[in-house]
Amino acid sequence: MASAPLPLSAAPIRFGTDGWRGILGVDITMERLLPVAAAAAQELAHQASDPLNSKTVVIGYDRRFLAPELAEAIASSVRGVGLEPLLTSTPVPTPACSWTVVQRRALGALVITASHNPPEWLGLKIKGPFGGSVDGTFTAAVERRLAAGSISVPVAGEPTRFDARSEHLEGLRTKLNLDAISSGLKAMGLRVIVDPMHGSAAGCVSDLLGSDAEGLVSEIRSQRDPLFGGCPPEPLASHLQDLIETVQASSRNGQPAVGLVFDGDGDRIAAVDEHGCFCSTQQLMPLLIDHLAGARQLPGSVVKTVSGSDLMRLVAEDLGREVLELPVGFKYIAAEMLAGDVLIGGEESGGVGFGMHLPERDALFAAMLVLEALVQGGMPLGARMQSLRQRCGGSSHYDRLDLRLADMESRRRLEHLLATQPPEEVAGQTVAEVITTDGVKLRLGPSHWLMLRFSGTEPLLRLYCEAPDSDRVAAVLAWARRFAESA
């Protein structure tokens with residue numbers, strides 16, 4: 001996949017839905033990154049509660065080009081503002097840093113990652129002392145520090161390193177009955193195929209299951225590749241042909257399989273069922289709601305983003321659970337998890353968090369709970385989802401189209417049009433309701449809607465659609481593309 005042309009000048013430093021990201025060498029440079037890290041560390045110390053009594057800032061990184069080197073560099077920024085950097089010894093999933101922050105009662109974490117963005121991107125995520133992403137108020141304070149030109153001088157030195165990966169896996173072992181999961185999968189004859197998309201979650205499922213993984217778990221695309229095989233490390237169907245074909249081949253050979261896929265920094269999840277059908281969080285969230293609220297009888301409400309499938313609400317309400325719908329961005333879900341009793345919170349793009357774990361997306365924990373749900377139900381993923389839809393109704397036909405706009409003027413025109421004259425009809429269907437929680441969501445009928453939302457980190461328009469059948473999804477997205485390009 002060819003990259004878009006590089007911009008000729010750096011974009012202003014602005015934090016999106018989860019961190020600051022940009023093009024490596026254009027937006028993300030050593031000169032710009034060191035002050036951002038220093039300002040973020042200072043703000044973590046400034047906002048720390050008195051009982052925390054810590055000076056430690058955890059620093060992690062993923063497998064992207066220069067990520068290890070830049071992580072070590074920002075350790076000098078943390079040291080330069082009088083705090084103590086604690087650097088991971090290997091690339092780690094971002095949730096491992098969140099886990100460490102909570103367990104070690106650190107001020108927070110700075111993670112060098114661009115998550116699911118294209119290979120030429122890099123960035124910085126900030127995690128608060130609670131283990132989740134900091135909110136917009138915090139990042140606005142960081143931006144004010146940068147604008148004020150606060151002076152700090154990096155202090156070179158050898159940072160203290162630690163094995164965050166092992167600490168995270170050990171923590172997950174205390175929350176899961178791994179013996180029951182392994183024995184149940186073997187009894188079902190269900191093979192597990194993992195695709196970490198060359199990212200930092202590579203090897204984690206096998207290491208978590210230990211000796212039980214032999215003959216049960218296999219992995220593809222596990223080696224480090226900063227180019228990610230030529231496509232963004234985002235768990236979308238269009239990026240997963242290798243996994244889909246591997247799962248299908250296993251099923252043809254008489255051993256049904258489930259595919260598990262993680263994004264570049266291991267905080268997003270998707271799956272492939274035994275037939276080779278892609279299962280986004282739109283399918284996994286309803287399954288997990290059913291398992292945790294039904295089989296496990298755990299307490300709490302369900303939190304979803306406005307771009308999430310109606311099936312989430314249908315399953316939750318079938319089990320008598322309150323459902324809250326929020327803007328896109330896990331930080332909104334995390335705030336709700338910190339404020340109240342939440343069973344599960346999730347977003348369309350693959351991030352799922354759990355009230356009994358962290359106010360943070362943890363794809364590895366979610367993956368193990370998916371396997372636990374399959375074992376409990378005694379059915380592979382596709383069959384289990386079909387059973388769930390038959391019980392609760394709803395659609396499983398959903399897709400997303402990312403449309404790169406010509407320029408910022410095109411974006412402004414489209415934003416103005418949607419705000420002042422949203423469409424009254426979409427692909428021959430009358431719009432029944434216009435929802436503006438985040439972007440513009442046009443409800444067309446039961447489990448049938450189109451949503452248009454601008455990306456917070458890339459010059460993209462994201463088009464989301466759920467409909468009664470796949471042909472209708474394709475027709476609505478094609479209409480939306482024409483509408484956006486003609487605005």
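Just after H2, Gly 82 has a positive phi of about 80 degrees. The views below come from a predicted model.

**View 1. Helix H2 and its end-to-end span.** H2 covers residues 67-80. At 1.5 Å a residue, its 14 residues should span 20 Å.

**View 2. The buried residues of H2.** Ala 67, Leu 70, Ala 71, Ala 73 and Ile 74 are buried in H2. An α-helix has 3.6 residues a turn, so residues three or four places apart point the same way. The buried residues of H2 pack against helix H1 (30-46). They also pack against S2, S3, strand S4 (108-112) and strand S5 (121-127).

**View 3. The β-α-β unit.** S2, H2 and S3 form a right-handed β-α-β unit. Strand S2 spans residues 56-61 and runs parallel to S3. The two strands are joined by 4 bridges. Ile 59 stands opposite Leu 87 in S3.

**View 4. Strand S3 and its pairing with S6.** S3 also runs parallel to strand S6 (residues 160-162). Here 3 bridges join the two strands. Thr 88 stands opposite Phe 162 in S6.

**View 5. The surroundings of strand S3.** S3 covers residues 84-88. Of its 5 residues, 4 are buried, so the strand is largely enclosed by the rest of the structure. S3 is among the elements that the buried residues of H2 pack against.

How values were computed:
Residues are numbered from 1 along each chain as its sequence is written. This is a predicted model: local features need pLDDT of at least 70, side-chain atom pairs count only at pLDDT 80 or more; totals for chains, interfaces and linings use all residues. Side-chain values use heavy atoms; hydrogens and water are left out. Buried means under 20% relative accessible area, exposed over 50%, partly exposed in between (1.4 Å probe, protein chains only). Two strands pair if DSSP finds at least two bridges between them. A crossover is right-handed if, with the strands pointing away from the viewer, the path from the first strand over the helix to the second runs clockwise. The expected span of a helix is 1.5 Å times one less than its number of residues. Contact means heavy atoms within 4.5 Å.
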